[in-house]
Amino acid sequence: MHGLGNSYIYVDGFKESIPNEERLPNLASEVANPYTGIGSDGLILILPSNVADVKMRVFNSDGSEAKSCGNGLRCVSKYVYDHRYIEDDKFSIETLGGIVESVVHPSENGDVSEVTVDMGAPRLKRKDVPMRGKDGALEENVIDATEHIDGADHTFTALSMGNPHAVFFVDTLEDAPLETVGPLVEKADIFPEGTNVEFISIENPSEIDFAVWERGSGVTQACGTGACAAVVAAVLNGKLKRDEPIVVHLPGGDLTIRWSSKDNHVWMKGPAVTVCTGTYMRNG
Ligand SMILES: N[C@@H](CCC[C@H](N)C(=O)O)C(=O)O
């Protein structure tokens, strides 16, 4: 399935037996490989949950496990509703980054093509990103902060949407040093768990352009949590208004994101698509 071209191989843990815990990172890299596997940005498990209606686990294409995935949440929502595992159009999904609420929008044939996810409140404190820093700074937000990374100064806003993000403002995306600064900041010491890296440019008060270097997967067509982080960062820097629905133009298409002042939650609306279903046979 994919959300705006951010594709994962989804395994139905309601039906399939899930491989041993220690095999999952290798399996994720294996299936994600476009030459010797299937080809994707990673692997997502759809599982029963003890604390929510369903549980999602996400593995990046390098085998690392992530705490959240916005595009994955929309695809998991579509999957469990289309397969009638859930009857209500509103339900909860457990992730390692917390529990989120999903609302599916079925089309006339009853299948879901669009999903809205209440992604919860952004976590803004440096210690919650998480980012290293002096004791006093750990309780502070990381807004328009300059950090010395690998011999150069880099200015960005960092926050967590269940997973870490460093957001850079650029005039145009053509100038964005996605494949040089992206991997450098992803693995910088200051981020003990690594980070996703976004470059954004503000088009007008309700639209932004967006490109991403994802932790553990590199350049992808879209990142749902990244789009949420981008809008929060733009509001925190006074570049966009809070409560306005913002259309985020990602390489793979558009998401609508709104950061509500009523409940402090970030809402994401966008598509979810099934590409094919099949059986993965490991050869050799
Ligand atoms: N593509 C995702 C995010 C996937 C996880 C991320 N690479 C991480 O390691 O945190 C999205 O749509 O949010």
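Why is helix 2 largely enclosed by the rest of the structure? The legends below start there. This is a predicted model, where local features need pLDDT of at least 70, side-chain atom pairs count only at pLDDT 80 or more, and totals for chains, interfaces and linings use all residues. Residues are numbered from 1 along each chain as its sequence is written.

**View 1. Helix 2 is largely enclosed because 12 of its 13 residues are buried.** Buried means that 20 or more other C-beta atoms, placed from the backbone, lie within 10 Å of the residue's own. Among the buried ones are Asn-71, Arg-74, Lys-78 and Tyr-81. Helices (H or I, at least four residues) and strands (E, at least two) are DSSP runs, numbered from the N terminus. Just past helix 2, Arg-84 takes a positive phi of about 60 degrees.

**View 2. The ligand lies between domain 1 (2-120) and domain 2 (126-262), so both give residues to its shell.** Domain bounds come from an automatic or database domain assignment. Of the 18 residues around the ligand, Ala-66, Asn-71, Asn-163, Gly-224 and Thr-225 come nearest. Helix 4 gives the most to this shell, with three residues.

**View 3. Domain 1 and domain 2 touch, with 22 residues from domain 1 and 19 residues from domain 2 in the contact.** Contact here means C-beta atoms, placed from the backbone, within 7 Å. On the domain 1 side, helix 2 gives the most, with four residues. The centres of the two domains, taken over C-alpha atoms, are 23 Å apart.

Note on methods: A residue is near a molecule or strand if its C-beta atom, placed from the backbone, lies within 6 Å of it. Two residues are in contact if their C-beta atoms, placed from the backbone, lie within 7 Å.
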